Amino acid sequence: MHDIFLSYSRKDKQIATMVLSILEQNGIKCWIDYRDIPPGENYGASIVRAIKECKIFVLLLSKSSGKSSHVLNEVNSAASAEKPIVPFKIDDVAVSEDLEYYVGRTHWLEAITPPMEAHINSLAENIKRLSAAAKESGAAKDAGQPQTPPAVSGTAPVAGGCKMMTFQELLSMGFTAFKIASQLVENDYINCNGIDESNEGTAEQWEKFLQDESDTFRYLVNSDNRIVGDWSIVALTDEANELALKGELLEKDISTDNTVMVSFSDVYNGYILAISLLPEYRNMQNYNLIMDSFFEQLEVYAENGIFFRSWCINVFGREVEALVKRLGFTYVCDNKEFGKIYTCPFMPLPDIPMIKKRARLVELYAAASANG
């Protein structure tokens, strides 16, 4: 395990290298991307893994890092993993609102005035103190009773230790809406090379949807209480649906202004935000858990007069592309930033085995289609 993860903007690489060198001269084992990601490994997965495995997250605060979506994503992952975040300010810059959300109440170390080496040595001493305090805290915890994580308590059948869970069930286990949203964003970066904040959006953005539209999200949770898969949907306004079908809608632009609350009897334009599984959990059992949960919720909606005339999805990965093709989706166009747009008419329902076996869902949609 590394002592620290070093987060920085590529424009600050020279200073980051100096920080790396001096910290390691002080006996602090550092992780930095350009040196420690093995050739050929998934970049996003390597970043997330390194953050989880480090003891302390050190952020080089600068004009460049304050504007970097990659740095913000790393900070978001560190906050989700509950790592101590140490901001090290290397130039005189006002912190962006996004970063201030994470570090606004944290004591900053400043390295604005020369000599830089003295400030880095001071950073090293602070890291050592933090590490010692964490070690003492861990030793005290180990001296007490063994800590047993709360059991996963979903209603779906177990598949390799995983269960589908609702938003309310996760809250009862100690999750917060922000922690859930952070894990979902983190998973997307692991699953999809090439996405960034411009098409993914932020945890803060999705936090509100999780709270306001909790029935439109479901989570696959492993035995360690980690979200390892999910499905999520929204209903788009007619105007937003047209943009989506043209490849002109980005996930970051989805808001209450272009979505409709799925709460009343009506026919909606469905948009699938995600059907995802982390790579090590991609097996038949887990895919079945996710899809069964999805169609079960559609049946609950249909029982209450809520139907979807069509679905649209922006596909980022090959495994999801293969899945939506099995569901009857067809390619429309490329998204203007990243991904491929697929769509599927849903009234009447597609004639595919995965749907035909759900007699009640077929019955309800047939009646709704006949009534116009």
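Among contacts in the protein chain between residues at least 6 apart in sequence, 70% join residues at least 24 apart; contact here means heavy atoms within 4.5 Å. This is a predicted model, in which local features need pLDDT of at least 70 and side-chain atom pairs count only at pLDDT 80 or more, while totals for chains, interfaces and linings use all residues. Residues are numbered from 1 along each chain as its sequence is written, and side-chain values use heavy atoms, with hydrogens and water left out.

The secondary structure comes to 16 helices and 13 strands. Those are DSSP runs numbered from the N terminus, with helices being H or I of at least four residues and strands being E of at least two. Of the 372 residues, 52% count as buried. Buried means under 20% relative accessible area, exposed means over 50%, and partly exposed is in between, with a 1.4 Å probe and protein chains only.

Take α9 as the partner. α3 and α9 pack with their axes 7 Å apart, at an angle of about 135°. Axes are lines fitted to C-alpha atoms, for helices over the stretch in contact, and angles run from 0 to 180 degrees between N-to-C directions. That angle makes α3 oblique to α9. For the cut-offs, under 35 degrees is roughly parallel, over 145 roughly antiparallel, 65 to 115 roughly perpendicular, and the rest oblique. On the α3 side, G44, A45, V48 and K52 meet E186, Y189 and I190 of α9. By class, this contact has four nonpolar, one polar and two charged residues. Nonpolar covers Ala, Val, Leu, Ile, Met, Phe, Trp, Tyr, Cys and Pro; charged covers Asp, Glu, Lys and Arg; the others, Gly among them, are polar.

α9, residues 177-191, also meets α5, residues 69-80: their axes come within 9 Å and cross at roughly 130°. α5 and α9 are therefore oblique to each other. From α5 the contact uses N73, N76, S77 and S80, and from α9 it uses F178, K179, S182, Q183, V185, E186 and Y189. The classes in this contact are three nonpolar, six polar and two charged residues.

On to single residues. V234 sits in strand β8, residues 227-236. With a relative accessible area of 4%, V234 is buried. V234 and Y271 are 37 residues apart in sequence, yet 5.3 Å apart in space, C-alpha to C-alpha. Not counting residues up to four places away in sequence, V234 touches F209, I254, T259, N269, G270, Y271 and L273.

T216 is in the loop between α11 (203-212) and β7 (217-221). Is T216 buried or exposed? T216 counts as buried, at 1% relative accessibility. Leaving aside neighbours within four places in sequence, T216 is in contact with W231, S232, I233, V262 and Y301.

Last, G328, in the loop between α14 (318-326) and β12 (330-334). G328 is partly exposed, with a relative accessible area of 29%. Beyond four places in sequence, G328 touches T343 and C344. G328 and Y342 are 14 residues apart in sequence and 9.6 Å apart in space, C-alpha to C-alpha.
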